Amino acid sequence: MGVRASRSGGGDAASAVGRPPASLRRQLEELAREVAAATPGVGSAACTAVAVPGGRFGVALRLAAELVPLRPLADEVRSRIVTAAVSAGLAEALGPVDIAIDDIVAPDEGDA
Amino acid sequence: MAQETSAKSPLQSGRGTTTIADTVVQKVAGIAAHEVPGVHSLGGSASRAFGAVTQRVGFGDERSQGVSVEVGEREAAVDVTLVIEYGESIPQVCDRVRDNIVKRIEGIVGLTVTEVNLTVNDLYFPGDETPPEPQRVS
């Protein structure tokens, strides 16, 4: 067993393959990306989480959205991320969720 | 004519901000104009020729070609250049394009549209397309 695996204590999937468990920042990033991508009306999503004052992590999402009302969509994504963070026990670490809608996925765009 | 800008319109909320890129407003306006029967394409001849090249190499988007927008915090102004099919009533098509752009931008982006300026710069005649060159090798 490698040095990293023995230091991480073992027991979870990450230590089984010799990697340390994901940081809080990475966990939030993953959670926000998955939740955003699963929200109806979102075409694709990219996400970064960055430490902000107060010991929290701010989440910045960039979305390509379908032709739906965009501001209600952003509010829905934000609300789902907060709910998911609470369920995952990450609510204390979640800071502001900034959402930028950068592109529209037109109905015929996926056909090519 | 309004200039295209890369600025964004932010909306502050309790748990973060929402920004919608100007290119999104531009694309929504382009899609809305295309939806109206009688509109053949968007953009002037130079912009269509340039657009054809950029699209071929993977840049640019036909939907926002010929559309420029000026976006503020709550309002947007739109300029569109159109090619209309011959035989259609130009004033009627323009009215429908204007109404559809206002409806789509207000519904999708949530901005008030202060003006939609349309320029009809060409007419399309069916059969105008140059036929593809026959293949020399089967």
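**View 1. Chain A laid out from end to end.** From the N terminus on, this predicted chain A runs α-α-α-β-β-α-β. That makes four helices and three strands in chain A. Of the 112 residues in chain A, 25% count as buried. Take the contacts in chain A between residues at least 6 apart in sequence, and 53% of them join residues at least 24 apart.

View 2. Mean pLDDT for chain A comes out at 84, with 79% of its residues at 70 or more. Then there's the stretch to read with care: over residues 1–13 of chain A, pLDDT stays under 50. The model has 13 contacts beyond four places in sequence for those residues.

**View 3. Helix 3 of chain A and what sits over it.** Helix 3 of chain A covers residues 24–38, 15 residues in total. From first C-alpha to last, helix 3 reaches 21 Å, close to the 21 Å expected at 1.5 Å a residue. Which residues of helix 3 are buried? They are A:Leu28, A:Glu29, A:Leu31, A:Ala32, A:Val35 and A:Ala36. The spacing is worth a look, since an α-helix has 3.6 residues a turn, so residues three or four places apart point the same way. As for the cover over the buried residues of helix 3, it includes strand 1 (42–52), strand 2 (56–65), helix 4 and strand 3 of chain A.

**View 4. Where chain A meets chain B.** Here 18 residues of chain A are in contact with 18 residues of chain B. On the chain A side, helix 4 (70–87) and strand 3 (94–104) each supply at least two of the touching residues. Strand 3 of chain A gives the largest share, nine residues. By type, the chain A side splits into 13 nonpolar, no polar and five charged.

**View 5. Strand to strand across the two chains.** Strand 3 of chain A turns up again here, joined by three bridges to strand 2 of chain B (residues 16–21). These two strands run parallel. Look for A:Ile99, which stands opposite B:Thr18 in strand 2 of chain B.

**View 6. Inside the largest nonpolar core.** This core holds 54 residues. Those touching the most other members are A:Ala32, A:Leu61, B:Val25, B:Val28, B:Ala29, B:Ala33 and B:Ile105. A:Ala32 is also one of the buried residues of helix 3 of chain A. What does B:Ala29 touch, leaving aside residues up to four places away in sequence? Its partners are B:Val67, B:Val69, B:Val78, B:Val80, B:Ile101 and B:Ile105.

Methods:
Residues are numbered from 1 along each chain as its sequence is written. Chains are lettered from A and ligands numbered from 1 in the order in which they are written. This is a predicted model: local features need pLDDT of at least 70, side-chain atom pairs count only at pLDDT 80 or more; totals for chains, interfaces and linings use all residues. Two residues are in contact if their C-beta atoms, placed from the backbone, lie within 7 Å. Ala, Val, Leu, Ile, Met, Phe, Trp, Tyr, Cys and Pro count as nonpolar, Asp, Glu, Lys and Arg as charged, and the others, Gly among them, as polar. Two strands pair if DSSP finds at least two bridges between them. A residue is buried if 20 or more other C-beta atoms lie within 10 Å of its own, exposed if 12 or fewer, and partly exposed in between; C-beta atoms are placed from the backbone. pLDDT is the predictor's confidence in each residue, from 0 to 100. The expected span of a helix is 1.5 Å times one less than its number of residues. A nonpolar core is a set of buried Ala, Val, Leu, Ile, Met, Phe, Trp, Tyr and Cys residues joined through C-beta atoms within 7 Å.
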